[in-house]
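Biologist: I would like to go through the terms used for this model and hear the grounds for each. Please set each value against its cut-off.

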Amino acid sequence: MAASAPFAREAFVRRRIHVKGLVQGVGFRPFVYGLAHGLGLSGTVRNRGDGVEIEVQGPGVLVDRFGDRLASEPPPLARIDAIDMEVLAPRSDDGVFHIATSEAGVVRTGPPPDAAVCVPCLRELFDTDDRRYRYPFVNCTNCGPRTTIIRALPYDRLATSMAEFALCPQCRSEYEDPANRRFHAQPVACPVCGPRLQMLDGSGRPREDLDAIAAAWAILRDGGILAVKGLGGFHLMGDATQPSVVARLRALKRRPTRPFAVMAANLPSARMWVDVSGGEMLLVSAARPIVLLPRREEAASVVERIAPGLTTLGVLLPYTPAHYLLFHEAADRPRGIAWLDRAQAALWICTSANRTGAPLMTDSDEVREGLGAEVDGILTHDRTIVARADDSVVRPRAQQPIIVRRARGYADAAFAADAGPPVLALGADLKNTVCIIHERRGYLSPHIGDLGHPDARRALSGAIDRLAGLIGTRPAVVVHDLHPDGYGGVLARRLADEWGADIAGVQHHHAHIAAVAAEHKFAGRLLGWALDGFGWAPGNAAWGGELLLLEGSRVARVGHLRPLALTGLDQAAREPWRVAAAVLVEMGRAEEVARRFGVDRARAIEAVVARSGRTTSAGRLFDAVAALLGGPICITYEGEAAMWLEGVARRHGPCGAWRGGYRIASRELDMRPLLARLVDEPDAGRGAALFHATLAHGLAAMAAQYARDQEVMAVALGGGCFGNEILSTMVRAYLAAAGIMVLEAQSLPSNDGGISAGQAWVALRAQRGE
């Protein structure tokens, strides 16, 4: 198309524009095409390994306007990190703008995240006259699978698991039509040419005579358990309002008290069970994470079975067409989409299809072999899941949501980094992720799991191969946690030998604070509190409440919580009464152990306290206080006691800090005065609120004192304990009041899911001689 008449005499210019960021698989090339076409400009746009390259030619004023709109009006799923522009000499061309063939090269962009089905696609899904009516794989440039189907970059259909589905003439026409919203939508499909849904019984036999969605809904309605193949793996689903279903799922998953997530049809439906006011935008976002929200007391009879003892419930909304079709079936197939604005009664438990400790299942045969005898049906399809991805988990917060688990819906390209050799970090043994820093970008894998399970170790190897393959690198440095018995060290040595790479170890809590520094690209001296359950430290020490000073790749321990007796070693993490009993014994109140925790436990504990190991773990401190205040004395999942403590504190409401509840001396934060008071506290809610406020004040006071003395301007908060919203909010407020900059995890998890990013950041800085 020629430039419009008013600009015909304007001098022509030609520019090459390189756009970096999340610009592949998000409709960016069709957007550029439409922008250039509308302005009458000529040129090309193509995907490259490091982003999108545009050459554009036309009157200077229009090319300038093109550049302005390129930066200010990107597609909804895109994220522009940088735009580089080069002036070229104008040349003769055909006067038309084209989408050119993708070009391989050095990869500096991660795979785009999967996105929840969009409203225009939902309109088609429920339009009886549309050719995609009730088609469970409807998608367009603004929604659908991305990361979970990609085999290679740049992102094109032939590099995905959609390559095996040849486009029919109608889909091909949409794909090639610049005016169509499916223009260059790589997963585009329809009932004629695309993937198909299939219903299997538990033994894996097809039920060909049934409508798959109708059969799946009948299982849910009748109190059965259904395995459903989604974007990144299988869910186990069941009616959350039926006690027998909840009990059966608990037995299947071996989760006697651990909370389940639930799926509601829409925001009005979610409001029946939780207060969505702080999390509406997260619930309806394209990422569609599980959002932890305050439960409604009027729904307590149902919610208590799903999330016993907690004040929050994890809720997510449908994100695949198949999810929506199940709710549509439950609503008796209403026409149109108006029904999605009304509350629906259906509420389904939606939990990962796996055995405890094992990774998410992605294949129908896995489900049949591992869970087939315990499920009533398998709703599956023939589109291959290339990359496993659990649901992400997010906790809303006024300042910035806390990412508890980073997985489906969030991009692999997590943070900017400095130049240096490619680095692979293997993360922690729990909540494992891996991270590769390559060409100034840090790429964090989705959540993998706990490496105590052999299937999780295989999944870790697969995640390394996939991530390294996608970005086209062979790491020159492999980094692991320092724990001598950790799997990371074993794997690091094997990979380093295989690749001829250097090997490095990074202490667990150093990595927690470094992860925060990496995310904020903070290169100065940084003070940080790392609070968690356990991290191995030199001398076989059990750390978990550490005040660290980072300078470049170096770290110094400048303070810590006063150690507690760790009676029973690993047992103490599963039995909070042990740490609480040790606190009583050391206070000279050993006689109370039997009354609180039983005679047999009292006999077992008193003799071993004096010769027990010690730990500075904040996690064990939370456990002890929970047990002293009447909370869980034995737990069935990580963090159960701490979550109970936060819940009762939230029910009670805010409480002022007791400034006499701690002492700071000899680089120790001593909470014994507070513990002595809490032992006699009759009101668990008041005690929990006082504990949070006083601990937060003590942490802030100790950090502020050191920061002032050593002229450090910023304090980072890292480690799983800062997933506690009450604690993190209070510590941040106290430090801000002292005039100190506070850095926290934002796009990375503060728990062990972010460890790999911190390890990689430290190793890179060491390679740079910092």
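**Helix packing and the sheet**

Modeller: Helix α1 passes helix α2 in a right-handed crossing. The model is predicted.

Biologist: What makes α1 roughly antiparallel to α2?

Modeller: The two helices pack at an angle of about 150°, with their axes 10 Å apart. Angles over 145 degrees count as roughly antiparallel, so α1 is roughly antiparallel to α2.

Biologist: Which residues make the contact of α1 with α2?

Modeller: From α1 they are Phe28, Phe31, Val32, Leu35, Ala36 and Leu39, and from α2 Leu62, Arg65, Phe66, Arg69 and Leu70. By class, the contact has 9 nonpolar, no polar and 2 charged residues. Arg counts as charged, and Arg65 and Arg69 are in the α2 list.

Biologist: Why are β4 and β5 said to stand at the edges of the sheet?

Modeller: The open sheet has 5 strands in the order β4-β1-β3-β2-β5, with mixed pairing. β4 (79–88) and β5 (97–99) each have a single partner strand, so one side of each is left without a neighbour in the sheet. The twist averages 15° from one strand to the next.

Biologist: How do you know that β1 and β3 pair?

Modeller: Pairing requires at least two bridges. Strand β1 (residues 12–22) and strand β3 (residues 51–59) are joined by 8 bridges and run antiparallel, so they meet the criterion for a pair. Arginine 15 stands opposite valine 56 in β3.

Biologist: Which strands do the helices touch where they pack on the sheet?

Modeller: Helix α1 (residues 28–39) touches β1, β2, β3, β4 and β5, and its direction makes about 170° with that of β5. Helix α2 (residues 60–72) touches β1, β3 and β4, and its direction makes about 150° with that of β3.

Biologist: Why is α14 called roughly perpendicular to α24?

Modeller: The axes of α14 (residues 508–520) and α24 (residues 755–767) come within 7 Å and cross at roughly 85°. The range for roughly perpendicular is 65 to 115 degrees, and α14 and α24 are therefore roughly perpendicular to each other. Their contact residues divide into 9 nonpolar, 5 polar and no charged.

Biologist: What makes α16 roughly perpendicular to α19?

Modeller: The axes of α16 (residues 576–586) and α19 (residues 618–628) cross at roughly 80° and come within 7 Å. That angle makes α16 roughly perpendicular to α19. The contact includes Trp577 and Val583 of α16 and Arg620 and Asp623 of α19. By class, its residues divide into 9 nonpolar, no polar and 2 charged.

How values were computed
Residues numbered from 1 in each chain as written. Predicted model: local features only at pLDDT ≥ 70, side-chain atom pairs only at ≥ 80, totals over all residues. Heavy atoms only, no water. Axes fitted to C-alpha atoms, helices over the stretch in contact; angles between N-to-C directions. Helix = DSSP H or I, 4+ residues; strand = E, 2+ residues; numbered from the N terminus. Parallel < 35°, antiparallel > 145°, perpendicular 65-115°, else oblique. Contact = heavy atoms within 4.5 Å. Left-handed = near helix turned anticlockwise from the far one by under 90°.
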